[in-house]
Amino acid sequence: MSQKTEFAQRLRALRKKEGLTQEEFGELVKVSINTVRRWEWRERTPRMEEIQRLAAALHVTESELLNGPERNEIKITLHFSEMPKESE
């Protein structure tokens, strides 16, 4: 599955999780319903300034919106596992 497809599916799932229609979500993030539809149908991807508004409206980080929570958890796990251990 392409990243564009994954993003579109994630965006739609997060919007629905918040209980928002496409129209309500568009109003919240200050874009038209057609723009929301294009994002969810993979016809268009949001610009960076839109990503910030989308993430805030969906109560996720920008990284979670773009990459999904699973990938963030893996990055965090790797980060902490690579930290030097304290000497005893």
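**Helix H1.** I began with helix H1, residues 3–17, in this predicted model. I counted 15 residues in H1. From its first C-alpha to its last, H1 reaches 21 Å. That is close to the 21 Å expected at 1.5 Å a residue.

Next I asked which residues of H1 are buried. I noted Thr5, Phe7, Ala8, Arg10, Leu11, Leu14 and Arg15. After H1 I found Gly19, with a positive phi near 75°.

**H2 and H3.** How do the axes of H2 and H3 cross? I found an angle of roughly 110°, with the axes coming within 8 Å. Angles of 65 to 115 degrees count as roughly perpendicular, so H2 and H3 are roughly perpendicular to each other.

I listed the residues that make this contact. H2 brings Gln22, Glu23, Phe25, Gly26 and Val29. H3 brings Ile33, Val36, Arg37, Trp39 and Glu40. By class, I noted five nonpolar, two polar and three charged residues in the contact.

**Whole chain.** I then stepped back to the chain. It holds six helices and zero strands. Along the sequence I read the pattern α-α-α-α-α-α.

How much of the chain is buried? I noted 32% of its 88 residues. I also checked contacts between residues at least 6 apart in sequence: 49% of them join residues at least 24 apart.

Note on methods:
Residues are numbered from 1 along each chain as its sequence is written. This is a predicted model: local features need pLDDT of at least 70, side-chain atom pairs count only at pLDDT 80 or more; totals for chains, interfaces and linings use all residues. Side-chain values use heavy atoms; hydrogens and water are left out. Helices (H or I, at least four residues) and strands (E, at least two) are DSSP runs, numbered from the N terminus. Buried means under 20% relative accessible area, exposed over 50%, partly exposed in between (1.4 Å probe, protein chains only). Contact means heavy atoms within 4.5 Å. The expected span of a helix is 1.5 Å times one less than its number of residues. Axes are lines fitted to C-alpha atoms, for helices over the stretch in contact, and angles run from 0 to 180 degrees between N-to-C directions. Angles under 35 degrees count as roughly parallel, over 145 as roughly antiparallel, 65 to 115 as roughly perpendicular and the rest as oblique. Ala, Val, Leu, Ile, Met, Phe, Trp, Tyr, Cys and Pro count as nonpolar, Asp, Glu, Lys and Arg as charged, and the others, Gly among them, as polar.
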